[in-house]
Amino acid sequence: MRVGDTIGVEGWTVVHQARQKHYDDRYYGQFLGTRKNDHTGTTEWIVGRMYPGQSMNDGFICGAWDYSKRFASPRSTDNADAALKAYVEMSHDTFVWDRIFEQCVGEAIDRHLAGPEIPGAPHLAAGWRESDAGHRNPGGGHTILLPFHEAKYALLGFLRRTELNAKAHLTRGVTVDRHGAVELVIQATGPIRFEYGYNTYWLDAAA
């Protein structure tokens, strides 16, 4: 099984997986998957534990896994965030955790949400800055011009890494929330600019 494969009769797309040999000479692992619910339009997520086994390749038996937890609330971003948290927690039980595990999985989720590159799509730069006029030297960052979906991936990364900086919980009802911000990026087909908490984020043709 590889990232991007579809598994199970319910059609989960694998976004991340991890499996390795433990000191007891058995292999343990887990996977993170997602699918679109055609009835609700919501993106659902699954955190699954592979079967312990004797190799890297026997974590699934007839396309099935040991057990799983699903996240299917009406808000797709909440599902992804909750799945990431549960996936990191599971990584201690499957012995695959390391110091950059959460970062790598977050990046895998953002890569999946950004989608595949489309020939002919515009090249844009992603960026963010603190919106508060009281900052003498506001924080921020931006990329060079990138292929469109690479720029979307970079902007999703900015959103993830600056969530605490944005202090969105203090501005609820004033700007979009995290779910709304992520959806704006996913749905973008060209330049966008929006406020999330105390920060401004954008995709723009000017690097």
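Predicted model: local features only at pLDDT ≥ 70, side-chain atom pairs only at ≥ 80, totals over all residues.
Trp128, Phe194, Tyr196 and Tyr201 form one aromatic cluster. Across the whole structure, a search finds 8 aromatic pairs. The chain has 207 residues, 43% of which count as buried, and its secondary structure consists of 5 helices and 10 strands.

**Aromatic cluster**

- Trp128 and Tyr201 count as a stacked pair because their ring planes lie at 25°, under the 30 degrees used as the limit for stacking. The ring centres of Trp128 and Tyr201 are 6.4 Å apart.
- This pair links distant parts of the chain, with Trp128 in strand β6 (residues 123-130) and Tyr201 in strand β10 (residues 199-204). The two residues are 73 residues apart.
- Tyr201 also pairs with Phe194: the ring centres are 5.7 Å apart and the planes are at 20°, so this pair is stacked as well.
- Both Trp128 and Tyr201 are buried. For Tyr201 the relative accessible area is 0%.
- Phe194 has a relative accessible area of 7%, which means that Phe194 is buried, since the limit is under 20%.

**Gln30, a buried polar side chain**

- Gln30 is found in strand β3. Its relative accessible area is 0%, so Gln30 counts as buried.
- The side chain of Gln30 has a polar atom 2.9 Å from the backbone oxygen of Tyr87.
- A polar contact of 2.6 Å joins the side chains of Gln30 and Thr94.
- Setting aside residues up to four places away in sequence, Gln30 touches Gln17, Ala18, Gly48, Arg49, Met50, Tyr87, Met90, Ser91, Thr94, Val96 and Phe101.

**Largest pocket**

- The largest pocket holds about 350 Å³ of space.
- The lining of this pocket is made by 23 residues. Thr43, Ser76, Leu113, Glu183 and Ile186 are the lining residues nearest the pocket centre.
- Strands and helices both contribute: β3 (27-36), β4 (43-49), α1 (76-93), α2 (101-114), α3 (148-161) and α5 (178-187) each supply at least two lining residues.
- By class, the lining is made up of 8 nonpolar, 7 polar and 8 charged residues.

**Val3, an exposed residue**

- Val3 is found in the segment before β1 (6-7).
- With a relative accessible area of 54%, Val3 counts as exposed, because the limit for that class is over 50%.
- Apart from its neighbours within four places in sequence, Val3 is in contact with Val14, Val15, His16 and Gln17.
- Val3 and Glu130 are 127 residues apart in sequence, and their C-alpha atoms are 35 Å apart in space.

**Chain as a whole**

- The C-alpha trace spans about 60 × 35 × 30 Å along its principal axes.
- Among contacts between residues at least 6 apart in sequence, 58% join residues at least 24 apart.

Definitions and conventions. Residues numbered from 1 in each chain as written. Heavy atoms only, no water. 1 Å grid on protein atoms, 1.4 Å probe; cavity = no way out; pocket = protein on both sides within 12 Å on 5 of 7 lines; lining within 4 Å. Points joined across faces, edges and corners; volume = space filled by probe spheres on them. Helix = DSSP H or I, 4+ residues; strand = E, 2+ residues; numbered from the N terminus. Nonpolar A, V, L, I, M, F, W, Y, C, P; charged D, E, K, R; others polar. Buried < 20%, exposed > 50% of the residue type's maximum accessible area, 1.4 Å probe, protein only. Polar contact = N/O pair within 3.5 Å; in protein donor to acceptor, adjacent residues only side chain to side chain. Contact = heavy atoms within 4.5 Å. Phe/Tyr/Trp six-rings, centres within 6.5 Å; stacked < 30°, edge-to-face > 60°.
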